Amino acid sequence: MELFVLLAVHPKGLDREEICEQMWPDVEETLAAYRFHAALKDLRAALRDAAAPGE
């Protein structure tokens, strides 16, 4: 959900590199990119679940 909050406070958006730098500043770029994709997958799943709570 950290990704959701980060995007919510930046309504004009951020690119992947900016997100990785803010969320994982001390992590090597390849690992940060992996974490970004994992966080995005988790966020999509959470939003999908929230959109269809009865299913």
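Predicted model: local features only at pLDDT ≥ 70, side-chain atom pairs only at ≥ 80, totals over all residues.
The secondary structure of the chain consists of 3 helices and 0 strands, and the pattern read along the sequence is accordingly written α-α-α. Taken along the principal axes, the box filled by the C-alpha atoms is roughly 40 × 25 × 15 Å. The accessible surface of the chain amounts to about 4,400 Å², with 57% of this area belonging to carbon and sulfur atoms, while buried residues account for 20% of the 55 residues in the chain.

In soluble globular proteins, nonpolar side chains tend to be buried together. In the present model, the largest nonpolar core comprises 10 residues, namely Leu-3, Leu-6, Leu-14, Ile-19, Cys-20, Trp-24, Ala-32, Phe-36, Ala-39 and Leu-43. Two or more residues of this core are supplied by each of helix H1 (2-8), helix H2 (16-23) and helix H3 (29-51), and the most is given by H3, which provides 4 residues.

Cys-20 is located in helix H2, and Cys-20 is classed as buried because its relative accessibility of 8% falls under the 20% limit. When neighbours within four places in sequence are left aside, Cys-20 is in contact with Pro-25, Ala-32, Ala-33 and Phe-36, and of these residues Ala-32 and Phe-36 are also listed in the core. Between Cys-20 and Leu-3, which are separated by 17 residues in sequence, the distance in space is 9.8 Å from C-alpha to C-alpha. Leu-43, for its part, touches Met-1, Leu-3, Phe-4 and Leu-7, residues up to four places away in sequence not being counted.

With regard to charge, the chain carries 6 positive and 11 negative side chains, and the centres of these two sets are 6 Å apart. Side chains of opposite charge can pair when their charged atoms come close. In this chain the count of salt bridges comes to 1, and a salt bridge is found between the side chains of Arg-16 and Glu-17, with a distance of 3.5 Å from N to O.

Conventions
Residues numbered from 1 in each chain as written. Heavy atoms only, no water. Core = buried A, V, L, I, M, F, W, Y, C linked by side-chain atoms within 4.5 Å. Buried < 20%, exposed > 50% of the residue type's maximum accessible area, 1.4 Å probe, protein only. Contact = heavy atoms within 4.5 Å. Areas by Shrake-Rupley, 256 points an atom, 1.4 Å probe, with all protein chains shown as cover. Lys, Arg positive; Asp, Glu negative; His and termini not counted. Charge placed at Lys NZ, Arg CZ, Asp CG, Glu CD. Salt bridge = Lys/Arg side-chain N within 4 Å of Asp/Glu carboxyl O.
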